[in-house]
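User: I would like to go through a model and ask what stands behind each label. Please set the values against the cut-offs.

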Amino acid sequence: MKLDSVNLVTSLMKHPGQWCMIPESAAGQFKKESPNAVFQKVYDSPPDIVYYKLTHRYPKSSSIPGLTIFDEVLKQRITDLGKEREK
C-alpha cells in the first residue's frame with residue numbers, strides 16, 4: 001500500500017512486525033507518535049514516482065492562459081530537476 005500521509009501511516013502501524021518506508025523528513029514526526037519504532041536507513045533508493053499531467057482535451061477558453069503559465073512553470077521545473085540529477 002502506498003500512503004502519502006505520515007499521519008495515516010502512524011495510525012495503521014499498530015502491531016509488532018509491521019513495517020513501512022517513509023521519507024527521512026517525516027521520521028521526526030513518526031518518532032514522536034511511535035516512540036517504540038525502529039528506524040533503519042535504506043541505502044538503495046526506491047524507484048522514482050511517475051507523475052502524469054492531465055489536461056482536458058477541450059479546455060475552456062478562460063482556462064487556456066492559466067494552463068499556459070502552468071505548462072511553462074512545469075517545463076522549467078522539469079529542466080531544473082534534470083540539471084540537479086546531473087550533479
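User: How many salt bridges does a search of the whole structure find?

Analyst: The search finds three salt bridges. The model is predicted, so local features need pLDDT of at least 70 and side-chain atom pairs count only at pLDDT 80 or more, while totals for chains, interfaces and linings use all residues. Residues are numbered from 1 along each chain as its sequence is written, and side-chain values use heavy atoms, with hydrogens and water left out.

User: Why is the contact of Glu 24 with Lys 41 called a salt bridge?

Analyst: A salt bridge is a side-chain nitrogen of Lys or Arg within 4 Å of a carboxyl oxygen of Asp or Glu. The closest N and O atoms of Glu 24 and Lys 41 are 3.9 Å apart. That value is within the cut-off, so the label applies.

User: What does the pair of Glu 24 and Lys 41 tie together?

Analyst: Glu 24 lies in the loop between H1 and H2, and Lys 41 in the loop between H2 and helix H3 (64–86), so the pair ties together parts 17 residues apart in sequence. Helices here are DSSP runs (H or I, at least four residues), numbered from the N terminus. Both Glu 24 and Lys 41 are exposed.

User: What makes Asp 71 and Lys 53 a salt bridge?

Analyst: Their side chains meet at 2.9 Å, N to O. Asp 71 lies in helix H3 and Lys 53 in the loop between H2 and H3, so this pair ties together parts 18 residues apart in sequence.

User: Why are Asp 71 and Lys 53 called partly exposed?

Analyst: Buried means under 20% relative accessible area, exposed means over 50%, and partly exposed is in between (1.4 Å probe, protein chains only). Asp 71 has 26%. Lys 53 has 38%. Both values fall in between, so both residues count as partly exposed.

User: Which residue forms a salt bridge with Glu 84?

Analyst: Arg 77 does, with the closest N and O atoms 3.8 Å apart. Glu 84 is partly exposed at 45%, and Arg 77 is partly exposed at 43%.

User: How do you know that Phe 30 and Phe 39 form an edge-to-face pair?

Analyst: The whole-structure search finds one aromatic pair, and it is Phe 30 with Phe 39. Rings of Phe, Tyr and Trp (its six-membered ring) pair if their centres lie within 6.5 Å; planes under 30 degrees apart count as stacked, over 60 as edge-to-face and the rest as tilted. Phe 30 and Phe 39 are 5.8 Å centre to centre, with 90 degrees between the planes. They therefore pair, edge-to-face.

User: Is Phe 30 buried or exposed?

Analyst: Phe 30 has 5% relative accessibility, so it counts as buried. Phe 39 has 34%, so it counts as partly exposed.

User: What makes Lys 31 lie over the face of Phe 39?

Analyst: A charge sits over a ring if NZ of Lys or CZ of Arg is within 6 Å of the ring centre and within 35 degrees of the ring normal. Lys 31 lies over the face of Phe 39 at 5.2 Å from the ring centre.

User: Where is Gly 17, and why is it called exposed?

Analyst: Gly 17 is in the loop between H1 and H2. Its relative accessible area is 71%, so the residue is exposed. Gly 17 and Thr 79 are 62 residues apart in sequence and 42 Å apart in space, C-alpha to C-alpha.

Note on methods. Helices (H or I, at least four residues) and strands (E, at least two) are DSSP runs, numbered from the N terminus.
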